[in-house]
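Student: Let's work through this model together, one question at a time. Ready when you are.

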Amino acid sequence: MFSNFLYFLIALVIYASFELFDKTKNFDPNNLYYSLISAAVFAVICHTWFKRLAQRGGKGSSFGLDHSINRAISKLSMMALILFAANIYVFRLPLFFADVWLFTRIPTLAAVLFLGLFLAYLVIVWNAAYGVQKRYLPVNLTQKRYIGSNISFSLPALLPWFFLSLFADLIQFLPPGPVRTYFNTTAGEIVYILTFLILISVFGPVLIKKLWGCTSLEPGAYRARIEATCTRAGLAYADILKWELFGGSMITAGVMGLVGRFRYILVTPALMDALDDDELDAVILHEIGHVQRYHMLFYLFFFAGFVGCNFVFFEPMILLLYIAGPVYQTFSLLGIDKGDVYPALICMSLIGSFVIYFRFVFGFFMRNFERQADIHVYGFQRDAASLVSTFYKIAALSRQPIDKPNWHHFGIGERIRFLEQCQESPMLIARHHRRVKTLMIGYLLLVLALFCTGYSISYGGAKEAFEKYVAKEILFQQLEVDPENSDIYAVVGDYHYNEKAYDKARVAYENVILIDAKNIHALNNLAWLLATCPDEKFRDAPRALELAFQAVLLKREAFVLDTYAEALALNKRKAQAIEAAREALSLAKEKQSYYREQVARFEKMGE
């Protein structure tokens with residue numbers, strides 16, 4: 001079920017990345033028909049797939065059927081993502097709504113609309129799956145409630161994005177002033193992102209419990225037992241809730257909330273019916289372990305780390321992708337233009353980083369956190385026998401192989417074996433706690449280092465060096481594409497001059513003049529180099545004066561006259577240099593203090 005979180009977040013990335021593609025082309029109305037036809041084909045595929053599974057179950061071969069159903073839902077959900085991407089990138093449906101006033105003013109609403117389209121594809125999957133999956137669900141769980149439970153379970157993944165994005169849209173409606181200006185700065189963005197993450201982490205459980213339709217667990221033996229366990233463990237909480245998603249058929253429990261006043265313990269009816277008192281205690285102690293080992297606080301840092309690193313690395317990433325020359329050369333052999341490849345690379349990079357971060361890095365930490373929560377019972381019980389028996393019951397009742405792997409927790413068999421090993425060697429408990437602590441510290445230090453590096457590249461001391469590197473790569477790639485373009489050679493000369501590679505700068509400017517003898521940029525800058533180069537071996541007074549004079553004949557502007565004055569001075573023609581410098585000052589519209597200093601310098605030379 002947690003995979004639905006990832007599906008929705010990937011769909012959000014797909015939609016958001018459409019902004020990177022060329023939107024100048026007109027929308028083709030036929031694309032609406034293609035979108036509808038593709039949705040109909042997808043519905044037929046889903047219906048056929050689950051119909052075959054139902055037939056297999058009807059013939060008595062129901063072994064592993066539940067696993068096959070879940071696997072089919074996963075595969076079709078990924079197919080829904082591909083279909084959604086086709087609607088965004090191929091059919092270009094966002095262009096259909098490009099002129100809708102409400103969506104242009106509040107883009108978050110357009111994003112919600114398209115996430116609704118992806119949700120519609122998932123509803124097609126769930127609708128088709130219900131016919132065969134209902135044999136494993138409570139009798140009172142109707143198709144409508146089944147689909148509604150899937151939707152409700154998935155929506156919390158989008159809450160942080162929704163509120164952040166909506167707030168960013170509403171900033172434009174603030175009256176002009178310091179508040180609006182501040183929120184539009186980098187510092188302002190960081191502040192409101194962190195503020196929203198904290199607010200959602202603290203108050204989000206109140207909203208989630210409503211989305212999931214949770215109700216307070218009625219007084220009785222179960223509630224009394226859970227309350228006693230929480231009291232014994234010293235856990236503060238707001239309420240114990242009955243979690244009735246999917247008719248309460250999930251055999252699970254949970255805890256949500258960073259602050260005790262807004263913290264909720266969730267238990268499903270199926271869990272309470274399946275476990276005895278000791279087993280229920282063990283499950284609650286496991287959930288308490290997540291709180292007392294600060295896992296939920298770490299999840300906040302984990303999410304904030306992803307947002308923060310993306311914030312500071314996004315622009316450097318898209319610049320680096322732009323200069324990935326070999327990639328574009330490969331696609332050019334297939335006749336695909338760089339303008340189409342570039343946004344696709346950005347999109348794939350965003351989705352790839354997201355999947356790797358959450359599916360593998362986050363999954364790695366979640367598995368170790370689950371193991372740490374498992375061994376938390378040893379702090380309150382003599383052994384973990386009750387938790388082990390709980391795992392055996394969950395495996396039997398869920399009809400899943402005991403060693404089935406899972407991306408966000410170890411397989412049930414692995415968890416049981418580790419608990420048994422801890423029973424035999426208690427030092428493994430402390431060792432695992434130290435391991436998790438080391439991993440968390442290492443992660444926080446690494447993210448901090450990455451954030452500081454990205455911030456330096458995007459906004460700090462490394463920004464200029466990085467931009468120079470990218471500019472150089474773009475410049476020389478463009479030179480390969482258009483070698484006859486004299487203006488590019490002139491910019492190449494500027495680059496080499498700034499890097500103090502004066503020999504290369506001179507060659508570049510000379511190449512420009514060979515191609516275009518009237519290129520002001522090259523004539524003026526080469527004259528400046530030959531007249532003023534800090535490395536005197538590159539100075540050439542006669543050539544500098546010749547080039548500067550040609551430039552003045554073509555364009556009599558302040559910067560050209562300033563170069564001409566330098567060349568005249570180098571050739572000992574001081575009176576003419578003063579005259580040129582004064583004319584430059586009279587024509588200057590900016591940097592007048594510089595030109596005044598130049599006049600004074602030349603006048604002093606003439607004394």
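Student: Where does Phe-246 sit?
Tutor: First, this is a predicted model: local features need pLDDT of at least 70, side-chain atom pairs count only at pLDDT 80 or more, and totals for chains, interfaces and linings use all residues. Residues are numbered from 1 along each chain as its sequence is written, and side-chain values use heavy atoms, with hydrogens and water left out. Helices (H or I, at least four residues) and strands (E, at least two) are DSSP runs, numbered from the N terminus. With those labels, Phe-246 is found in the loop between β2 and β3.

Student: Does Phe-246 count as buried or exposed?
Tutor: Its phi is near 55°, a positive value in a residue other than glycine. For accessibility, buried means under 20% relative accessible area, exposed over 50%, and partly exposed in between (1.4 Å probe, protein chains only). Phe-246 comes out at 5%, so it counts as buried.

Student: And Lys-572, buried or exposed?
Tutor: Lys-572 also has a positive phi, near 65°, and again isn't a glycine. Its place is the loop between α24 (558–570) and α25 (574–587). With a relative accessible area of 66%, Lys-572 is exposed.

Student: In what order do the four strands of the open sheet run?
Tutor: Strands of a sheet pair through backbone hydrogen bonds, either parallel or antiparallel. Two strands count as paired here if DSSP finds at least two bridges between them. The pairing is mixed, and the order is β1-β2-β4-β3.

Student: Which are the edge strands?
Tutor: An edge strand here pairs on one side only. β1 joins β2 by two antiparallel bridges, with Thr-215 opposite Lys-242 in β2. Four antiparallel bridges link β3 (residues 253–256) to β4, where Val-255 stands opposite Ile-265. The edges are β1 (215–216) and β3.

Student: In which sense do β2 and β4 pair?
Tutor: Asp-239 stands opposite Tyr-264 in β4, and Ile-240 stands opposite Ile-265. Strand β2 (residues 239–242) and β4 share four bridges, and the sense is parallel.

Student: Which residues are buried on the two faces of β4?
Tutor: For β2, both faces are covered, with Asp-239 and Leu-241 buried on one side and Ile-240 and Lys-242 on the other. Strand β4 (residues 264–267) is covered on both faces as well, and its buried residues are Tyr-264 and Leu-266 on one side, with Ile-265 and Val-267 on the other.

Student: How far apart in space are Asn-31 and Ile-240?
Tutor: Asn-31 belongs to helix α2 (residues 30–58), and at 10% relative accessibility it counts as buried. In sequence, Asn-31 and Ile-240 are 209 residues apart; in space, C-alpha to C-alpha, the gap is 50 Å.

Student: How much space lies in the largest cavity?
Tutor: On a 1 Å grid over the protein atoms alone, a cavity is a set of points where a 1.4 Å probe fits but cannot get out; a pocket is an open set with protein on both sides within 12 Å along at least five of seven lines, and lining residues have an atom within 4 Å of a point. Points are joined across faces, edges and corners, and a volume is the space filled by probe spheres set on them. The whole structure holds one cavity of 30 Å³ or more. The largest cavity has about 50 Å³.

Student: Which lining residues lie nearest the centre of the second largest pocket?
Tutor: That pocket holds about 1700 Å³ of space. Helices supplying at least two lining residues each include α1 (3–16) and α7 (159–170), and the lining divides into 34 nonpolar, six polar and four charged residues. Of the 44 lining residues, those nearest the centre are Leu-12, Ala-16, Ser-17, Trp-161 and Ser-165.

Conventions: Ala, Val, Leu, Ile, Met, Phe, Trp, Tyr, Cys and Pro count as nonpolar, Asp, Glu, Lys and Arg as charged, and the others, Gly among them, as polar.
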